[in-house]
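Here are my notes on this model. Keep the structure open as you read, and find each residue as it comes up.

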Amino acid sequence: MLFDKFFQRKRTPMKEQTTVPYWAATDVGTVRKTNQDNLYLMQNVQSYQKLRQYRVNGRQELPLLFAICDGMGGGEDGEKASELVAQQLAELDVRYLQTLSDEAFERELTEKLQQINNAVFSGLSNCGALVGCTTTILYVDRQRIFFVNIGDSPGFVLSQGRLQAVTQADNRANQMYLMGKITESERWTHKTKNQLTQYLGMDPEELLVSPHFFRMNHPDVTTTYLIGSDGLIDKCDFSNIARLLGQDETHQLAYELVEEAKCAGSRDNVTAIVVRVEGNKNDIG
């Protein structure tokens, strides 16, 4: 995880902004036959049969909670796992979440994700040897932004042209990076990046899943937030992600990110959700 003093400034109240623009897209990709990615957009859960190709954009009232759900498993098991996780996330009351302190928010999300883990394990564990789902959540209210993740679906922040990774990947490559055995750039491409150490659907008697939290204050300048499935960064150069995220709102930001990943040679399903929050200045992230 990359921390920066940039994110730790004194809390600045959000300017009068009750809605924010968002863009979302998912695609089966160029290799896989089915799309095991799903995405949660505030009560809007799509059946996996409809997600071979899907994109949407609009404005969302605050508070908001969006999520990437990246399933895994043979047959239709991965699709079922990601849809189940999205359905379970839809049970969260975002208006209640915005009343909570940071500590209470983290407890609430931890308990919910542990419940989801148990639901995936008990409902789908008999389907195959390995069935599960990773998830990364983006939560925004009028005071703060949270990234929450279990697994390796990445989250990024683009501000003043600078792209920062803010989620903690639950895989062997990230462990090696944290131990100093590989470099920052290698942790995204190392051969062990697909060896997950935590995901939703694990046996709760063997491991109590523990999500990672990254909290930010509202920005002083307009800032763009991205969550995606790991297929988004499979081959895509981070400079291209920053370039596409920095475009104005006339562009289909999530769709263009997905298409860039496909053109770069991603071999996985590809999903992206982008949210932009205005700052107190008129810059674009």
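1. Which residues lie nearest the centre of the largest pocket? They are Arg-32, Met-72, Asn-194, Asp-230 and Asp-268. In total, 20 residues line this pocket. Bear in mind that the model is predicted.

2. Stay with the largest pocket. Its space comes to about 400 Å³. The lining holds 9 charged, 7 polar and 4 nonpolar residues. Strand 5 (residues 64-72) gives the largest share of the lining, with 3 residues.

3. Now turn to the largest nonpolar core. This core has 56 residues. Leu-65, Leu-89, Phe-105 and Phe-147 touch the most other members. The largest share, 7 residues, comes from helix 3 (residues 102-124).

4. Look closely at Leu-65. Set aside its neighbours within four places in sequence. Leu-65 is then in contact with Tyr-40, Met-42, Leu-92, Val-94, Leu-97, Ile-137, Leu-138 and Tyr-139.

5. Why is strand 11 (residues 223-228) described as largely enclosed by the rest of the structure? Because 6 of its 6 residues are buried. Both faces are covered. On one side sit Thr-223, Tyr-225 and Ile-227, and on the other Thr-224, Leu-226 and Gly-228.

6. Which strands pair with strand 11? Strand 8 (residues 155-159) pairs with it in the antiparallel sense, over 4 bridges. Here Leu-158 stands opposite Thr-224. Strand 12 (residues 270-277) also runs antiparallel to strand 11, joined by 6 bridges. There Leu-226 stands opposite Val-274.

Note on methods:
Residues are numbered from 1 along each chain as its sequence is written. This is a predicted model: local features need pLDDT of at least 70, side-chain atom pairs count only at pLDDT 80 or more; totals for chains, interfaces and linings use all residues. Side-chain values use heavy atoms; hydrogens and water are left out. On a 1 Å grid over the protein atoms alone, a cavity is a set of points where a 1.4 Å probe fits but cannot get out, and a pocket is an open set with protein on both sides within 12 Å along at least five of seven lines; lining residues have an atom within 4 Å of a point. Grid points are joined across faces, edges and corners, and a volume is the space filled by probe spheres set on the points. Helices (H or I, at least four residues) and strands (E, at least two) are DSSP runs, numbered from the N terminus. Ala, Val, Leu, Ile, Met, Phe, Trp, Tyr, Cys and Pro count as nonpolar, Asp, Glu, Lys and Arg as charged, and the others, Gly among them, as polar. A nonpolar core is a set of buried Ala, Val, Leu, Ile, Met, Phe, Trp, Tyr and Cys residues joined through side-chain atoms within 4.5 Å. Buried means under 20% relative accessible area, exposed over 50%, partly exposed in between (1.4 Å probe, protein chains only). Contact means heavy atoms within 4.5 Å. Two strands pair if DSSP finds at least two bridges between them.
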